[in-house]
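Me: I would like a close look at one part of this model. Please keep it brisk.

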Amino acid sequence: MTKKNELCADIGYLSINHAGENLCGDHVEKVETDDSLVLVLADGLGSGVKASILSTLTSKIISTMIAAGLKLEDCVETIAATLPVCSVRGVAYSTFTIIRIVDNKRAEIIQYDNPKSILIRNGENYEYPVETLEIGGKRITKADIELQEGDVFIAMSDGVEHAGVGIRYNFGWKRSDIIEFMKTFVPVGFTAKTLTKILLDECDRLYDGQPGDDATVCTVKMRPRTPVNLMFGPPADRADNDKVMSLFFSSPGKHIVCGGTTSTIAAKWLDKPLVPKLEYLDPEIPPTAEIEGVDLVTEGVITVSRVLEYAKDYLKDNGKYEKWSCGRDGASLIARMLFEDATDVSFFVGRAVNPAHQNPDLPITFNIKMRLVEELSDCLGKMGKKINVSYF
Amino acid sequence: MMKITVCIGSSCHLKGSREVVEGLQKLISERGLKDSIELAGTFCLGQCQTGVNVLIGEERFSVTPDTVTEFFEKDVLPRIK
C-alpha cells in the first residue's frame, strides 16, 4: 500500500432549511479527482429559490473548474470576478468555503465570507494560520494545513452561528460555543455524517425548530483506511471452495461471513468449530454464530436485507441510527462494521444456488441475493467507501 | 444429557425457528429439565422443505410453532432416560 492511502477522508454534509422554505439556499458540491478531493459549501444570500440557484451555481462552477484541472486560484478569481453583487443589498450573492484535500496529506481551506472552518485536532481546537488574499476585489482567506490522523474539519454556513439569535442567545451561538459543543462528540469516534447530524440537530433545537436562516454543516474526518471483507454465499463450483476461502482470509482487514452454508464451509476451511448462538436480540433477525478467526458470522439473506434497509435509511435521514448503532443482532453488527468502521469494502459473492431455497413459498431466491449485493454496494459507494465486488 | 438442536437457517427462520426455540426453552424450564436437556442452534441442515428442522441427537423431526408442545410431549419426553 502506498503512503497516499494511509489516510482517507470521511465526509458528511447536511442542511436544514429556513423555516417555511422548501429549498435550501446553501449548497454543498463534492468532486473527486485522481489525487484530490474538493468540497465546496456555498451559501446564497437570503433564502428560497434565488439563494438556492446562486449557491448551486457557485459551488458547481468552482467544483467543475477544479475537476477540469484548473488551478484553485484561477477558480476563485473567476468566481470572485463573476459573482453578481446584489443591487439592493450591495453584497455578493454567494459566499463559499472550499476544502481541498490533496493526496490525503494536505488540506487547503479557501474561504470567502463564511464562518471560519473549525479544525479539531487531538480533541482540541486548532487555530490554523490563514493568509488573506485580495482576488477580484474580494477578501479571500487561505490556509494550508498538513493533515494528521483524526483531524476533524467542520465547515458551516452562517446559519449555524446564528442559531438561537433572539431566542436563546442575544447574538446567536458563538464559534467558541460550537467548538466546545463539538469537542465533546469528536473523541467518541462518530462518523462525519453523524457528527454533522449532531451539530445540525443542536442548531435546530436552538432555533426552536424554526430556523431563521438556512444552516449547513460539512464535516471531514481524516481516518486511517480500514478494509472489511464480506463473504456472502458459497462458490458456484464446489471445487473452488478452498481457493475462494484462501483468497478471502488472506485479504487484510476484518472478515464477515454471511450465510449458513457459507459459514459451514468457512469453519471447515479454518478447521474450527461453528457455534451458532440461540439469542434472538432482534425477533426478526436470525441469531449470529461464532467461528474462531472470523470477526462476525451471521445468517444470509434476511440479515443482509435488513442491513440494506439501514443503508438506504442512512443515506436519507439516518433515522434508524438509534436502532443499529447499539443493537447486538447480526444486522446491526454488520451495519456498524460497514457504515462506521470500513473505508474499503470487498464483497466475495458466491453464486451457488441453494436448492432448498428455490421454493416459491420462500422469499429468499437466488436473484434476491444478487440484487441485495448490487444495492448494498451501491449504497456503500454513496457513503464514500471504495467498493470491490468479486463473484465466484 | 439429551441434545436438541434447532435449525436457525434462513428458511427455517422464516418458518418460525424463533418461536420453536422460545417454546422449547419455556417447556424445558417449566418441567425443570434444564439439567437433562441441552438446547443448541445449527445453520442449514439442507432439508428446508420440512422446516423447522429439529434434531434430537442425530434424529431429525419437523416442528412448527404450533406443534412444539405436541413434539415435546410425544418425541422429547419419552426419550429422556
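Where in chain A does N122(A) lie, and between which two strands?

Reply: This is a predicted model, in which local features need pLDDT of at least 70, side-chain atom pairs count only at pLDDT 80 or more, and totals for chains, interfaces and linings use all residues. Residues are numbered from 1 along each chain as its sequence is written, while chains are lettered from A and ligands numbered from 1 in the order in which they are written.

N122(A) sits in the loop that joins strand 6 (118-121) to strand 7 (124-125) of chain A. Helices (H or I, at least four residues) and strands (E, at least two) are DSSP runs, numbered from the N terminus. N122(A) is not a glycine, yet its phi is positive, near 50°. Most residues other than glycine have a negative phi. N122(A) counts as exposed because it has 11 C-beta neighbours inside 10 Å. (Exposed means 12 or fewer other C-beta atoms within 10 Å, buried means 20 or more, and partly exposed lies in between; C-beta atoms are placed from the backbone.)

D271(A) also carries a positive phi, about 60°, without being a glycine. Look for D271(A) in the loop between helix 7 and strand 14 (275-276) of chain A. D271(A) is exposed, because it has 8 other C-beta atoms within 10 Å.

Helix 7 is mostly covered, with eight of its 11 residues buried. Among them are G260(A), T261(A), I265(A) and A267(A). What do these buried residues pack against? In chain A, their partners include helix 6 (241-250), strand 12 (227-232) and strand 13 (254-258). Strand 15 (289-290) and strand 16 (296-298) of chain A join in. Helix 1 (10-15) of chain B is a partner too.

That leads to the contact between the chains. Chain A gives 21 residues to it and chain B gives 17. (Two residues are in contact if their C-beta atoms, placed from the backbone, lie within 7 Å.) On the side of chain A that touches chain B, helix 7 (260-270) and helix 8 (301-316) each supply at least two residues. Helix 7 of chain A has the largest share of that side, four residues.

Chain A as a whole has 11 helices and 18 strands. Its C-alpha trace spans about 70 × 45 × 40 Å along the principal axes. Of its 392 residues, 47% count as buried.
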